[in-house]
Amino acid sequence: MNRKTLIITTGLAAAIIAGAATFHRGKRNAELDHQAAVKAEGSVAVTLVPVQERSFRPAVAFTGTLLAVNRAELKAEVAGRVTRVLVQEGDSVGAGALLGAQDEDDYQLGVQAAEAQAAQARAQALQTQRDNDRSVALLEKRSITRQAAQQAETAYHAAQAAAQAADSNLGLARLRLKKARLVAPFAGQVARRAVQPGEMLSPGQTAFEIVDNRKLEIRADLPAEAMAQVKVGQRTTFRSIGVDRLVEGRVTQVSPSLSQDGRTLRVRIEVPNVDGTLKGGLFVEGVILGEGATKAPALPATLVKAQDRDAEVFVAEQDVARRHKVVLGPEQDGYRPIVSGVVLGAQVVDSGKDLVSEGSRLRVISSAAPNSANGDSTPSNAHGGSAAGGK
């Protein structure tokens, strides 16, 4: 590269760097100017949602833990050293799939030896049967003594018993081999693998845990006063950490009696989980929905934490944020009924609520108005006014 080319290249690089720096400096200055203007104005940009009337069914709240309906701990049934482990935790397996084995070669040799002994015993029994049949025919012709015929019959019965004993020993050998092979009792996933090749397993020691998450259940204990409201077949909805939607289930069993202390009623809720989104062990909070419906003022469930009954919201009153403490009922279909705290039609701060405090001036960038049909909301004109009078 000659000196002229080097100078041109260096100049271009410097110009590009200078241009990028100027661009970013201008962008940063514009953002600082915007922040300064907002600060000078003293207002917070927010969106509003109205308290609207919606229909709610009677509901009984519950908490519980999701568990797989089909789950099993596979425990060793015979003593032996683990010779094979064919799966890892998280692997999907079919019903009857081999997961691991103990002393498989030894038990297989035991089966082969028992098969040989059984074959020999059956052959001996067949021969004594022929001898007995022949002795019966000869006795009829008075060609042998009755004592000789009885000896042949005794030998036949002894050989038959020996053959049956050999068959039993073969069955036991095959059973030991079967028990030495740990197989999946149903299709599912390996939730836990507790063994490694070379380890000794004793009878009763856990080797694997298999779960089928396609159908889950919740066993919930309800207050005794709920027994008149809860029935088999009722719909349930619940939320869980890590799941950003309401999940549905059905009550499939209601205990015929209360707990021993008479305070709780056990119910079983089944939850389909074909896509495998939910996992066993998740803690859930939800409601069992009863019959009929009543109307009540409501807010979107996203405005407050799912587990909170008591919460705080900010209501826009003449472009000023006012803190209101509210009492809420359990969530249904994305909304929570308001027991007390704000009135129907009040405009509640949604987006921007984390930046708002009591007395903050509000600059409404959008608001929503209730739909008279079912209380759903539709956005109004962006930058438009609200019931509280936005700028």
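Which loop does D319 lie in? D319 sits in the loop between β16 and β17 (320-328), and the views below take it from there. Everything here comes from a predicted model, in which local features need pLDDT of at least 70, side-chain atom pairs count only at pLDDT 80 or more, and totals for chains, interfaces and linings use all residues. Residues are numbered from 1 along each chain as its sequence is written, and side-chain values use heavy atoms, with hydrogens and water left out.

**View A. Two loop residues with positive phi.** D319, in the loop between β16 and β17, has phi near 65°, a positive value in a residue other than glycine. D103 has a positive phi of about 35°, and it is not a glycine either; look for D103 in the loop between β6 (98-102) and α2. For background, most residues other than glycine have a negative phi. Helices (H or I, at least four residues) and strands (E, at least two) are DSSP runs, numbered from the N terminus.

**View B. Helix α2 meets helix α3.** The axes of α2 (residues 104-140) and α3 (residues 146-180) come within 7 Å and cross at roughly 160°. Axes are lines fitted to C-alpha atoms, for helices over the stretch in contact, and angles run from 0 to 180 degrees between N-to-C directions. α2 and α3 are therefore roughly antiparallel to each other (the label goes to angles over 145 degrees). The crossing of α2 past α3 is left-handed, meaning that the near helix is turned anticlockwise from the far one by less than a right angle. Sorted by class, this α2 contact with α3 has 19 nonpolar, 10 polar and 9 charged residues. Nonpolar covers Ala, Val, Leu, Ile, Met, Phe, Trp, Tyr, Cys and Pro; charged is Asp, Glu, Lys and Arg; the others, Gly among them, are polar.

**View C. The second largest pocket.** Its volume is about 240 Å³, that is, the space filled by probe spheres set on grid points joined across faces, edges and corners. A pocket, on a 1 Å grid over the protein atoms alone, is an open set of points where a 1.4 Å probe fits, with protein on both sides within 12 Å along at least five of seven lines; lining residues have an atom within 4 Å of a point. There are 12 lining residues, and L303, V304, E312, V313 and K353 lie nearest the centre. β16 (310-317) and β19 (347-349) each supply at least two of the lining residues, with β16 giving the most, 4 residues. The lining has 7 nonpolar, no polar and 5 charged residues.

**View D. A four-stranded open sheet.** The strand order is β7-β6-β4-β9, with antiparallel pairing. Strands pair if DSSP finds at least two bridges between them. β7 (181-183) and β9 (200-201) are the edge strands, each pairing on one side only. Strand β4 (residues 80-85) is joined to β9 by 2 bridges, and G80 stands opposite L201 in β9.

Methods:
Angles under 35 degrees count as roughly parallel, over 145 as roughly antiparallel, 65 to 115 as roughly perpendicular and the rest as oblique.
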